[in-house]
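Walk through this model one chain at a time, then look at where the chains meet.

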Amino acid sequence: MVRDVNVTAGELVARAGKGDGSAWDELVARHTGLLWSIARSSGLPRAAAEDAVQATWLRLVQRIDTLWEPESVGSWLATVCRNECHSLRGLPLPATAPEPADPSPGPEDVCVDRDRLARVVAALQAMPDRCRGVLRLLAASASYTEVSAALNVPMGSIGPTRARCLRRLRGALGE
Amino acid sequence: MNELLDLLQQAFEQLDPVPASVYTEAMGAFAWRNPDAAFAELVADAQPAGAGLRGESRLLSFSGTGVGVELEVSGHGPHRELVGRLAPAAPAELSVRHRGGELVAEVDPAGHFLVPEVPAGLVMLVFRLADASSIVTSWVRL
């Protein structure tokens, strides 16, 4: 699949609504990282998080022709995913496979500073859930409106929270 | 900042990678697209406390333009039993879609249907009517 980063979300929604599967695949490629971040930072185990993300996409399939603001599909997805996570949290969990061990580093990782990466990982693990969640959304390239929809917090609070969590991360890295 | 952002992305990929199956299932979801079907949305979900555990049923209502579906859900554990009615009453072929596939049942001329052994989890109903039109419900978690 040739990815075109210049196509707007609204165009992708319009094309997918007309049955263009490659536009749908591009929506999936762009937003799945964000949805996974939302589901995992809401505290769901991996199997339940998969369910929440899939439910979110299934709902978009049904709504793709009738979205009010196609350009804001990311925020729409974030809100739906948050609600799915909420409805899953109260349920008894399906039998889950054990959490996989950390994957071994792939070839693309070779050039990064392994030591520094290891320290970032350790710092994230030691952080409060709230901060880790905010940084996870940041890493998933979420916009402020998407973070606001994902966490159900006012947009004005996101910048300060993000800055505080980044300071905390830099502090843990000794910077 | 960009360097830190790159590091954060790699750190989360290491800590908690998105399973590849999440992408393939999400792409596959597009196959469920059915733009010509009438859409009946969940409008009521009466769930008595302890529904399923004490033998009580959950009652769901779906409504769309000129169509409605009433659904009674019972059972607990891995499976549910669905008893429902399509309105206006018409014979139809019913597919109950779930994440693992689909189950097929008949809707009788009075609009009634029964589907035993539906896997718990996300489910939607698709009715195919004799005139080749169809009705789909929104996804619900049973």
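Two strands pair if DSSP finds at least two bridges between them. Strands themselves (E, at least two residues) and helices (H or I, at least four) are DSSP runs, numbered from the N terminus. This is a predicted model, in which local features need pLDDT of at least 70, side-chain atom pairs count only at pLDDT 80 or more, and totals for chains, interfaces and linings use all residues. Residues are numbered from 1 along each chain as its sequence is written, while chains are lettered from A and ligands numbered from 1 in the order in which they are written.

Start with confidence. The predictor gives the complex an ipTM of 0.86 and a pTM of 0.84. For single residues its confidence is pLDDT, on a scale from 0 to 100. Chain B averages 91, and 94% of its residues score at least 70. Chain A averages 85, with 84% of residues scoring at least 70. Among the elements of chain A, helix α1 (residues 9-17) has the highest mean, 96, and helix α7 (residues 144-151) the lowest, 89. Residues 93-103 of chain A stay under 50. For that stretch the model has 10 contacts beyond four places in sequence. Two residues are in contact if their C-beta atoms, placed from the backbone, lie within 7 Å.

Now the β-strands of chain B. Strand β5 (residues 92-98) has two partners to follow here. It pairs with β6 (residues 101-107) in the antiparallel sense over seven bridges. The two form a hairpin with two residues between them. Strand β5(B) also runs antiparallel to β8 (residues 122-129) of chain B, and seven bridges join them. A92(B) shows both pairings: it stands opposite V107(B) in β6(B) and opposite L129(B) in β8(B).

P88(B) lies in the loop between β4 (79-87) and β5 of chain B. The peptide bond from A87(B) to P88(B) is cis, with omega near -5 degrees. Another feature sits in strand β7 (residues 112-119) of chain B, the place of E117(B). Phi of E117(B) is near 60 degrees, a positive value in a residue other than glycine.

Is E117(B) buried or exposed? The test counts other C-beta atoms, placed from the backbone, within 10 Å of a residue's own: 20 or more is buried, 12 or fewer is exposed, and in between is partly exposed. E117(B) has 12 such neighbours, so it counts as exposed. I135(B), in strand β9 (residues 134-137) of chain B, is buried because 24 other C-beta atoms lie within 10 Å. Beyond four places in sequence, I135(B) is in contact with A37(B), A38(B), A40(B), V67(B) and F127(B). I135(B) and L86(B) are 49 residues apart in sequence and 9.8 Å apart in space, C-alpha to C-alpha.

Turn to chain A. Its secondary structure comes to eight helices and zero strands. Of its 175 residues, 41% are buried. Among contacts in chain A between residues at least 6 apart in sequence, 72% join residues at least 24 apart.

T56(A) lies in helix α3 of chain A. It is buried because 26 other C-beta atoms lie within 10 Å. Leaving aside neighbours within four places in sequence, T56(A) is in contact with L35(A), L77(A), V80(A), C81(A) and E84(A). By contrast, S141(A) is in the loop between α6 and α7 of chain A. S141(A) is partly exposed because 15 other C-beta atoms lie within 10 Å. Its phi is near 60 degrees, a positive value in a residue other than glycine.

Next, the nonpolar core. Such a core is a set of buried Ala, Val, Leu, Ile, Met, Phe, Trp, Tyr and Cys residues joined through C-beta atoms within 7 Å. The largest has 82 residues, and those with the most contacts inside it are A39(A), A52(A), V53(A), C81(A) and L135(A). Its largest share, nine residues, comes from α2(A). Beyond four places in sequence, V53(A) is in contact with residues of both chains, including W36(A), A39(A), C81(A), V22(B) and A26(B).

That leads to the interface. The contact takes 33 residues from chain A and 31 from chain B. On chain A's side, α2 (21-41), α3 (46-63), α5 (114-126) and α6 (129-139) each supply at least two residues. The largest share, 10 residues, comes from α3(A). The chain A side divides into 17 nonpolar, six polar and 10 charged residues. Here Ala, Val, Leu, Ile, Met, Phe, Trp, Tyr, Cys and Pro count as nonpolar, Asp, Glu, Lys and Arg as charged, and the others, Gly among them, as polar.

Definitions and conventions:
pLDDT = per-residue confidence, 0-100.
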